[in-house]
Amino acid sequence: MESLQVNSLRDQLNVRKERLNNALDQRPDDSNLVGLLKQVDNALNKIDHGTYGICEVCHDAVEEERLFIDPLVSVCLGCLDDAQRHALESDLEFAAKIQRNLLPKNNQSISGWDFGYHYNPAGPVSGDFTDIIPLNDDSVIFIIGDVSGKGISASLMMSHLHGLIHSLLSFGLPLNEIMKKASRLFNESTIYSNYATMVIGKAYPDGIVEIAVAGHNPPLLVSNGSVQRIQATGMPVGLFADAEYGVNKFFLKKDDAILLYTDGLTESIKESGGIRSGEYGEQRVVEQLAKVNGTAPKFIIDELMKDHKTWLKDSRPADDVTVLVVKRTA
Ligand SMILES: [Zn+2]
């Protein structure tokens, strides 16, 4: 582990130590506090002796992302006992429930637009997110994003970013300002240098769509069977505190649609008999889209996912797959 990271963990542990000592001044006989203080001292001791982050059972490295969530972790995932494993599984289940509650209602029709999505985490929790948020002026915000990393830490940062965007939306800022502020705040609040690729769009009742693409796979604009890629207008969110964002503007007529997806779709890899073949790829998505003119988002997504499943055969996607379709109906 880098010395910068060790120092940040030492700081975190010292804060805990101070809090525990304060509490012990008032409740010196609290055995729980005494036990926790012993764990903190033990961890600080290990840092001083260069043995911090080494599993007490197998002496391999403990997963770093777990140390940043809980600096008192002393055993690697593989060496958890049954009770610890069960506690972790129940935490994961709970985290998964929280995440599912963050998802918007599927297949909505708002202000002359239809919205539909497909959300399929590869594990119990996901770093992907999507959202559909109607605003007071009859416009609708739509979002898709993918937080770097995997597992619980990515899912925590995803929930955090979700909350951040919702708070920023309440100020009525233009999209480029929302992205700029989100990037700055996300950058300052992540200890583990997470970032997120993300697309935020705003669909107006008159067919205008504004869209900002933060280092994300180009959304695909489908009109009369032709497909156009919407290029990035800025860096991933949280990568730089001072990133600036541009906004693309399009006019969509009735039956035009935009498809947004996370890279779990196009970068999925097929494996059969131990042989790995190429990625599903953007081109295949484009070909699928060219066929589906004038149909509802649910149908577009069903057809795409059916093709994806056929292509994958017996392989399972290794990454989260999220697809969002925004279609003009008026
Ligand atoms: Zn171990």
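Guide: Let us begin with the naming of elements: helices (H or I, at least four residues) and strands (E, at least two) are DSSP runs, numbered from the N terminus. By that naming, isoleucine 110 is found in strand β1. This is a predicted model, in which local features need pLDDT of at least 70 and side-chain atom pairs count only at pLDDT 80 or more, while totals for chains, interfaces and linings use all residues. Residues are numbered from 1 along each chain as its sequence is written, and side-chain values use heavy atoms, with hydrogens and water left out.

Visitor: How many helices and strands does the chain have, and what does the C-alpha trace span along its principal axes?

Guide: The chain has nine helices and 13 strands, and its C-alpha trace spans about 70 × 55 × 30 Å along the principal axes.

Visitor: Is isoleucine 110 buried or exposed, and with which residues is it in contact?

Guide: Buried means under 20% relative accessible area, exposed over 50%, and partly exposed in between (1.4 Å probe, protein chains only). Isoleucine 110 is buried because its relative accessible area is 14%. Contact means heavy atoms within 4.5 Å; leaving aside neighbours within four places in sequence, isoleucine 110 is in contact with Phe115, Ile132, Pro134 and Val140. For the chain as a whole, 46% of the 330 residues count as buried, and among contacts between residues at least 6 apart in sequence, 64% join residues at least 24 apart.

Visitor: How should I read a sheet, and which strands stand at the edges of the one that holds β1?

Guide: Strands of a sheet pair through backbone hydrogen bonds, either parallel or antiparallel. Two strands count as paired if DSSP finds at least two bridges between them. Here an open sheet of six strands has the order β1-β2-β13-β10-β7-β8, with antiparallel pairing. The edges are β1 (108-110) and β8, each of which has a single partner strand, so one side of each is left without a neighbour in the sheet. From one strand to the next the twist averages 20°, where axes are lines fitted to C-alpha atoms, for helices over the stretch in contact, and angles run from 0 to 180 degrees between N-to-C directions.

Visitor: Which residues stand opposite each other within this sheet?

Guide: Strand β2 (residues 113-120) pairs with strand β13 (residues 321-328) in the antiparallel sense over eight bridges, and phenylalanine 115 stands opposite valine 326 in β13. Elsewhere in the sheet, four bridges join the antiparallel strands β7 and β8, and serine 223 has serine 226 in β8 as its bridge partner. These two strands form a hairpin with two residues between them, and asparagine 224 in the turn has a positive phi of about 50°. Helix α8 (residues 282-291) lies across β7 (220-223), β8 and β10 (257-261), running at about 25° to β7.

Visitor: What is the strand order of the five-strand sheet?

Guide: Its order is β3-β4-β5-β6-β9, an open sheet with antiparallel pairing. The edge strands are β3 (128-134) and β9, each pairing on one side only, and neighbouring strands are turned by 15° against each other on average, direction ignored. Seven bridges join β3 to the antiparallel strand β4 (residues 140-147), with threonine 130 opposite isoleucine 144 in β4. Six bridges join β5 to β6, and these strands form a hairpin with four residues between them, where glycine 207 in the turn has a positive phi of about 100°. Strand β6 is mostly covered, six of its seven residues being buried.

Visitor: Which helices lie across this sheet's strands?

Guide: Helix α5 (residues 151-169) lies across β3, β4 and β5 (196-203), running at about 20° to β3, whereas helix α6 (residues 175-189) lies across β4, β5 and β6 (208-214), running at about 155° to β5.

Visitor: Finally, where is methionine 235 found, and why does it count as partly exposed?

Guide: Methionine 235 is found in the loop between β8 (226-229) and β9 (248-251), and it counts as partly exposed because its relative accessibility is 41%.
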